[in-house]
Structure formats: structure tokens, C-alpha cells
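Dear colleague,

Please find the structure below.

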Amino acid sequence: IDAVTSRPAPLNAFDYRMMALAREFGSKADLAKRITAFVESKPALWQRIEDERAHLNEQDRLRILTSALWKDMVSLWRPYPEIEKRLASFPRPQRTMLVMSAFNDEFMNGGVHQFFYNSEGALAPEVRDAMIEMGMTAQAAILQRGLDMFAKPYVRDTQRRRESYFHGDGRKEWGERLAALTDELYALDGGLAFHQIKDSMVVEGGPGIEFAMLNYARSNRLLPC
């Protein structure tokens, strides 16, 4: 039960049993330490993991990188000064990758509208700057038009941003204009192209976000070994 999750019904006996079971696992950090200790205590298992790592492609390494960065980031539901302070603790290349992964996850799931609606939208100005740093000037220009739809200074607090711009009467047309920026990003470079290779479908073109992130990570030597 948190800022975005409501309780659908009063807790029952099963709920309390599951909550008690969850407490036995401890915190996520404690559980991660226990898993790591278990793997390290099994040389054969560790060697198998090491052997498999040699077969990871760059896309896999990119996902590992962004996942590791987010483990060191505070919740985006916290007050923005806390988020800003935590972001400032990362070296610039890692910070750039962090905010771009925040945008990309939301964009891939629900487009520009979802990005600005959810807590990741608190990072919108940083995402624009990250796009420019990665050479995505066309993408940054489109995102800037989204930023221009909000008053200045930009509202970092997610709940306030939702109440001020997304909720209430008369917001449908405004929301449609914001959502239309998703189509503009996908239309870049002639839009998406689909190619059938054996049993898989390969997508080319469009916003080029993951391609730019991979190039940036490669050039800054951020990809894990």
C-alpha cells in the first residue's frame, strides 16, 4: 500500500499469512546478500555463471548496467530534492544513462504521456539534456515541446503534476496533444521498419533510443564485462 497502490478490500487471513512469509525473507538487500553468498559458496554454480557471462551480447550488458544503476537510486516518489541529491552523486555518464533508462522504460510501455504522468516524469528536464548529450537532438526537440506544455518552473512533484495537468475536466485534448508526441518519435528516420528473420521479427528505425544508449555506454566504457 503506497502512493500509487490502493487496497481493494480489507486484508484477510491469507493476506496476513503471506505478509508474515514475506517478513521471513527480510529486506530486498538482505535477500540479495543471501543469494550472493549461496552462489559464492558453490564453486560449480559460480563457474557456470562465469561461463554463461561470456555469451552475453551488448543488449544484455546494457540491461544489466541500467538495472545496477537503479539499485543505487532512491525512489522517484520521494521529494525531488532527495532525488536531485542522489542523482548528483553519480558520475555524469552514469547519470545520463540512468535518466535515459527511466524515460525509455516508460516510453516503451506507454509513450510520452505515460512518462510525464508517472514518477519518472520528474526527470523530464534531465532526460532532454541526456538526449542532447547522446546526440539525439531531434528526439530532444520533441521532448522539449512536451515540456513546453507545462508551466515554468516545471512541476517535479508527481502528485501535483497529475492533479494540475492530467486530472479533471477539459484535459482530454491536452492529453491527446501530449500523447501525439509518441507518434512523432516513432516517425523519426522514416518510421519503423519490420524484417522477418527466421522465426523472429526485427524492428529498425523509429526513435533510436536504445541504439543511442548502447553507443553512449560503449563509448564511455560503461558496459559490464
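The notes below describe the chain as a whole and then turn to a patch on its surface.

This is a predicted model, in which local features need pLDDT of at least 70, side-chain atom pairs count only at pLDDT 80 or more, and totals for chains, interfaces and linings use all residues. Residues are numbered from 1 along each chain as its sequence is written, and side-chain values use heavy atoms, with hydrogens and water left out.

The chain holds 11 helices and two strands, where helices (H or I, at least four residues) and strands (E, at least two) are DSSP runs numbered from the N terminus. Their order along the sequence is α-α-α-α-α-α-α-α-α-α-β-β-α. Along the principal axes, the C-alpha atoms fill a box of roughly 55 × 50 × 40 Å.

Of the 225 residues, 33% count as buried; buried means under 20% relative accessible area, exposed over 50%, and partly exposed in between (1.4 Å probe, protein chains only).

On the surface, Phe14, Met18, Leu21 and Phe25 form a nonpolar patch with about 390 Å² of accessible area together. Such areas come from the Shrake-Rupley method with a 1.4 Å probe, and for residues only the protein chains shown count as cover. Phe14 lies in helix α1 (residues 13-25) and counts as exposed because its relative accessibility is 51%.

Note on methods
Patches are made of residues with over 30% relative accessible area and no salt bridge: like charges are joined within 9 Å, nonpolar side chains (Val, Leu, Ile, Met, Phe, Trp, Tyr) within 5 Å. A salt bridge is a side-chain nitrogen of Lys or Arg within 4 Å of a carboxyl oxygen of Asp or Glu.
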